[in-house]
Amino acid sequence: MEYRKFENTFVIRLDPGDEILTSLISLCETERIMLASVSGLGAVNVVQLGVFDTEKKQYYSREYKGLYEIASLTGTITVKGENPYLHLHMVIGNPHTNECFGGHLGRAVISATGELVVTAIPGKVGRREDETVGLNLFQFEDETH
């Protein structure tokens with residue numbers, strides 16, 4: 001991973017073998033990012049995508065291996081406790097095989113390159129586990145607004 005910072009925006013290049021989530025966590029720890037939006041594109045060859053079952057309150061994941069383009073990568077960076085918390089969704093596709101898959105990102109390994117933009121937002125938003133929903137939701141410092 002290599003990146004440059006322009007004011008509050010990080011422009012990131014990921015190289016073959018780089019894993020997206022691991023790279024972003026490293027960036028957050030190095031740059032002390034506690035709140036940000038993420039977008040990106042590129043090419044991957046190993047991806048784990050999931051979907052949340054709202055009735056059973058659990059994720060179901062599937063791994064995809066092959067030649068895939070990142071059609072969309074979007075999400076948020078917050079914190080849970082003192083650690084970076086990534087909530088990313090990805091759509092991958094291969095027009096040659098007529099495949100397209102999307103969901104909650106659990107893992108993605110770059111095959112050619114990844115181009116990500118992380119826009120840091122001044123402030124901090126945490127996460128709290130919501131037992132009703134079964135997910136870690138935004139936790140604002142002042143819950144009255």
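Reader: Why is D130 called buried in this predicted model?
Author: D130 has a relative accessible area of 14%. Buried means under 20%. The value of 14% is below that limit, so D130 counts as buried.

Reader: What makes D130 and R128 a salt bridge?
Author: Their closest N and O atoms are 3.3 Å apart. The cut-off is 4 Å, so the pair qualifies.

Reader: Is R128 buried, exposed or partly exposed, and why?
Author: The relative accessible area of R128 is 31%.

Reader: How many salt bridges does the structure hold?
Author: Six. E63 takes part in a salt bridge with K65 and in another with R107.

Reader: What makes E63 and K65 count as a salt bridge?
Author: The N to O distance between their side chains is 3.6 Å. The limit is 4 Å, so this pair is in.

Reader: And how do you know that E63 and R107 qualify?
Author: Their closest N and O atoms are 3.9 Å apart. That is still within 4 Å, so it is a salt bridge. The pair links distant parts of the chain. E63 sits in strand β4 (residues 58-80) and R107 in strand β6, 44 residues apart.

Reader: Which residues are linked in a network of salt bridges?
Author: E2, R4, R13 and D15.

Reader: How do you know whether C28 and C100 are buried or exposed?
Author: C28 has 3% relative accessible area, under 20%, so it is buried. C100 has 54%, over 50%, so it is exposed.

Reader: What makes the phi of R32 worth a mention?
Author: Its phi is near 55°, a positive value in a residue other than glycine. Most residues other than glycine have a negative phi. R32 lies in the loop between α1 (20-31) and β3 (36-53). Its relative accessibility is 72%, over 50%, so R32 counts as exposed.

Reader: What is the phi of N98, and where does N98 lie?
Author: The phi of N98 is near 60°, again positive in a residue other than glycine. N98 is in the loop between β5 (83-94) and β6 (99-120). At 73% relative accessible area, N98 passes the 50% limit and is therefore exposed.

Reader: Which residues touch the most other members of the largest nonpolar core?
Author: I20, L24, V44, M90, L105 and V118, out of 29 residues in that core. At least two core residues come from each of β2 (9-14), α1, β3, β4, β5 and β6. β6 gives the most, with six residues.

Reader: What is L105 in contact with, beyond its neighbours within four places in sequence?
Author: The partners are I20, L21, V47, Q48, L49, L73, L88, H89 and M90. Each has heavy atoms within 4.5 Å of L105, so each counts as a contact. I20 and M90 are also listed among the core residues that touch the most other members.

Key:
Residues numbered from 1 in each chain as written. Predicted model: local features only at pLDDT ≥ 70, side-chain atom pairs only at ≥ 80, totals over all residues. Heavy atoms only, no water. Buried < 20%, exposed > 50% of the residue type's maximum accessible area, 1.4 Å probe, protein only. Helix = DSSP H or I, 4+ residues; strand = E, 2+ residues; numbered from the N terminus. Core = buried A, V, L, I, M, F, W, Y, C linked by side-chain atoms within 4.5 Å.
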